[in-house]
Amino acid sequence: MATAEADMYVTINFEETELRLGLPGPTVPPPPLGSRTGAAGKRGFSETVDLKLNLSPSAKMDGCDPHGAAIKTANNACSNNDPAKPPAKAQVVGWPPIRSFRKNVMAVQKSSNDAQPSKKPAAATTTATPPPPAAFVKVSMDGAPYLRKVDLKLYNSYSDLSESLGKMFSSFTIGNCGPNGMKDFMSESKLVDILNGSEYVPSYEDKDGDWMLVGDVPWEMFVESCKRLRIMKGSEAIGLAPRAVEKCKSRS
Amino acid sequence: MDLTPKQSIPAAESTRFPDEVLERVLTLLKSPKDRNAVSLVCKDWYTADSWSRRHVFIGNCYSVSPEIVARRFPRIRSVTLKGKPRFSDFNLVPDNWGADVHSWLLVFASGSPFLEELRLKRMRVTDGSLEFLALNFPNFRALSLLSCDGFSTSGLATVATHCKNLIELDIQENGIEDLSGEWLSCFPDNFSTLEVLNFSNLITDVNTEVLERLVSRCRSLKVLKLNRSSSLDCLHRLLTSAPQLTELGVGSFSQELTPQQHAELKHAFGFCKNLTVLSGFWDATALNLSAVYPACSGLSFLNLSYTALQSQELASLLPHCPCLRRLWVLDSVGDRGLEAVGANCPSLEEIRVFPTDPFDEDMLHTVTESGIVAVSQGCPKLHYILYFCRQMTNAAVATVVRNCPDFTHFRLCIMNPGQPDHTTNQPMDEAFGAVVKTCKKLKRLSISGLLTDLTFKYIGEYAKNLEALSVAFAGSSDLGMQYVMEGCSKLKKLEIRDCPFGNAALLSGLERYESMRSLWMSACNVTVDGCKALARQMPRLNVEVMKEEGSDDCKADKVYVYRTVAGPRRDAPPSVLTFSSL
């Protein structure tokens with residue numbers, strides 16, 4: 001197992017996986033030469049990871065010059081650019097054009113969400129802590145050179161999450177989710193197929209620090225307890241779903 | 001309004017019309033444009049207008065001097081002043097640039113101490129100035145500060161202490177030094193004239209009891225905007241004692257409420273039958289939001305742009321607001337939230353979608369072209385849009401303006417500079433082409449994305465009513481700016497940053513700048529020599545160059561050009577070079 005993984009990493013061409021700052025998504029083209037910010041040049045994950053990891057990218061980007069002739073002269077006259085050093089978007093002063101006041105408001109909100117709520121009104125009784133407005137968790141995928149982050153609050157169900165992660169990591173699937181994504185997870189035959197095959201399986205670390213299989217609990221409970229996500233290779237996921245496997249065994 | 005006489009009247013006959021009557025008639029004209037037209041008719045009318053003018057609007061504080069204003073309008077009561085260029089909101093203007101209100105106050109105090117109202121935007125205001133204001137204008141009643149800086153809450157305290165007749169205190173989005181909430185306690189115990197109180201910008205706590213007593217004393221209070229630290233308990237009590245409010249800004253909305261408290265708050269909101277504007281809502285939870293439903297039936301403006309609502313929460317709230325005409329939200333509501341807008345707000349005229357986190361590139365679900373299309377499909381009366389997004393297509397914009405051809409304000413910000421149509425990889429020229437071709441009433445346009453000179457050709461050719469244009473990271477050559485300067489005859493404000501426009505472009509507008517309020521160009525290809533050439537040829541323009549540290553001597557990093565009758569200003573800091581024809 002270890003050597004197979006080591007081999008896998010050796011075959012990665014690190015230049016191809018070079019990180020650059022810019023928006024996610026496979027369709028953003030590299031910046032025209034001499035462009036001031038050069039921040040548009042991030043390649044989609046599918047492109048950087050490429051076939052070396054045996055993933056099938058859903059949207060293969062044409063790496064050739066995506067520009068029409070109309071764009072060639074754009075921004076060429078900006079003389080003091082250094083195309084070799086594209087600044088991060090955040091370094092472009094005054095862009096996007098949002099008033100400082102608004103930026104400060106949102107920054108304070110974000111940091112106060114991270115901290116423990118300190119002021120509780122005397123008259124209120126505590127039932128359940130209101131969930132913070134955003135729930136960012138890191139998402140790692142075995143074999144991928146870098147992690148991503150998602151806000152679980154932006155999704156309403158496992159299938160939503162699956163769809164998004166699928167776009168992010170291209171060939172990843174949680175498996176067929178019915179209207180209640182949870183149900184199909186427990187569908188024994190599918191689980192076994194996943195475990196025996198080479199597909200990826202999502203797991204998450206919960207509040208207690210345990211690694212769990214995604215899909216066991218109702219969606220809301222999952223969002224509240226999930227601290228990070230890990231998309232693991234199926235072969236490693238066996239220990240996570242002992243009940244399902246036993247059920248399966250007892251039937252076959 | 002055409003005031004030119006149909007036939008020429010001999011001078012002797014025109015003076016038979018008593019001045020007092022003429023002045024009385026003129027006071028019925030409120031709009032500054034009408035008043036300006038009146039003053040051009042003849043000398044008598046000019047004089048009558050001067051004596052009867054009560055309100056003056058000065059869009060650029062350096063276009064005229066306080067002495068000239070005071071001399072011309074000796075009985076002025078209300079002044080609106082705007083100072084720094086708009087890009088100062090985005091940190092592009094140095095702090096000490098100018099636009100200090102003090103010199104204006106000094107002149108008014110000696111000439112017309114009857115000043116009652118002062119509304120300032122992007123001006124520098126010190127505590128000293130606020131104190132001077134409070135002590136030297138006995139009839140002073142209304143102070144509004146928007147995007148100003150240089151003062152602290154101590155300045156507010158002096159205003160509260162000394163302005164016995166204050167009816168309006170409106171402090172919005174300022175660079176204020178927030179020392180304490182003591183200022184609110186400075187209103188005298190018997191003070192009861194307040195009609196507008198907006199301190200939503202302030203962070204420090206005010207004394208809740210003092211606030212509640214103040215609100216219950218001020219029976220004419222119509223507008224109350226609390227700050228973030230105001231609790232829901234406090235809000236509940238305020239609503240109960242001031243059900244006459246028409247505009248309410250709530251504080252933080254995340255506090256946990258027992259079912260009892262929630263019901264009581266909801267009940268209190270039910271008292272407020274006159275509410276038309278609702279804002280605030282920092283950190284709103286879905287449950288707490290439902291408490292405001294009873295107050296929403298007459299709501300015309302809902303500002304939710306300080307809380308990251310999800311699509312479902314917005315979708316639950318909107319059906320309660322059938323009369324909504326203006327809506328501000330964060331992009332956390334996503335395309336689904338905007339679909340809910342399209343489905344529930346048939347009367348919507350304005351929508352603004354701000355980014356929750358403009359610098360976090362991992363955000364997956366913001367708003368896309370689908371969202372704006374969904375709104376346009378459900379809201380045919382839409383005429384104002386401000387939209388921050390990370391992707392857009394030409395086709396979507398064309399659809400939007402086909403659905404809503406009456407746009408007067410179209411401000412689209414694709415946050416990644418120079419980004420093309422994400423489905424076709426083409427520039428966004430056709431998008432803005434569609435906007436200017438379809439929207440004949442367009443007055444204000446902000447463009448973004450990958451744009452060539454073609455966009456500007458469209459703008460110059462079709463946007464004949466355009467008054468304000470904002471451009472960033474766009475264009476291919478000087479031609480771009482030239483198209484606009486030649487074609488947009490009604491243009492008043494042009495702001496450009498990071499575009500390949502040079503001296504030829506700057507000078508192409510020679511004939512236009514005197515009929516414009518101002519031109520801003522930063523990070524373009526203009527040189528100091530080009531600016532000098534402009535200044536030489538146009539004596540009634542101030543041409544200012546802001547130099548950045550370490551830049552070449554010949555480069556004009558930031559250029560600000562504006563018409564003026566006051567000559568070059570004398571209060572510029574060393575980093576601002578002023579060129580004149582002298």
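This is a predicted model: local features need pLDDT of at least 70, side-chain atom pairs count only at pLDDT 80 or more; totals for chains, interfaces and linings use all residues.
A residue is called partly exposed when its relative accessible area falls between the buried limit of under 20% and the exposed limit of over 50%. Lys558(B) itself is buried, at 11% relative accessible area. Lys558(B) belongs to strand β22 (residues 558-563) of chain B, while Glu548(B) sits in the loop between β21 (541-546) and β22, so that 10 residues separate the two.

In another of them, Arg77(B) and Glu116(B) meet through their side chains at 3.7 Å, N to O. Arg77(B) lies in the loop between α5 (66-72) and β2 (78-82) of chain B and Glu116(B) in the loop between α6 (102-111) and β3 (117-121), so the contact ties together parts that are 39 residues apart in sequence. Because its relative accessibility is 22%, Arg77(B) counts as partly exposed, whereas Glu116(B), at 18%, counts as buried. Both residues also take part in a network of salt bridges that links them with Glu117(B), Arg119(B), Arg141(B) and Glu168(B).

A further salt bridge joins Asp149(B) to Lys84(B), with the closest N and O atoms 3.0 Å apart. Here the partners are 65 residues apart: Asp149(B) is in strand β5 (residues 149-152) of chain B, and Lys84(B) is in the loop between β2 and α6. Both ends are covered, since Asp149(B) has a relative accessibility of 15% and counts as buried, and Lys84(B) is buried with a relative accessible area of 9%.

Attention now turns to a stretch of parallel strands. Strand β13 (residues 326-330) of chain B is mostly covered, four of its five residues being buried. β13(B) pairs in the parallel sense with strand β12 (residues 301-303) of chain B over three bridges, and in this pairing Leu302(B) stands opposite Leu327(B). Together with helix α13 (residues 311-317) of chain B, β12(B) and β13(B) make a right-handed β-α-β unit.

β13(B) also runs parallel to strand β14 (residues 350-354) of chain B, to which five bridges join it. Along this pairing, Leu330(B) faces Phe354(B) of β14(B) as its opposite residue. The chain passes from β13(B) to β14(B) through helix α14 (residues 334-344) of chain B, and this β-α-β crossover is right-handed.

How values were computed. Residues are numbered from 1 along each chain as its sequence is written. Chains are lettered from A and ligands numbered from 1 in the order in which they are written. Side-chain values use heavy atoms; hydrogens and water are left out. Buried means under 20% relative accessible area, exposed over 50%, partly exposed in between (1.4 Å probe, protein chains only). Two strands pair if DSSP finds at least two bridges between them. A crossover is right-handed if, with the strands pointing away from the viewer, the path from the first strand over the helix to the second runs clockwise. A salt bridge is a side-chain nitrogen of Lys or Arg within 4 Å of a carboxyl oxygen of Asp or Glu.
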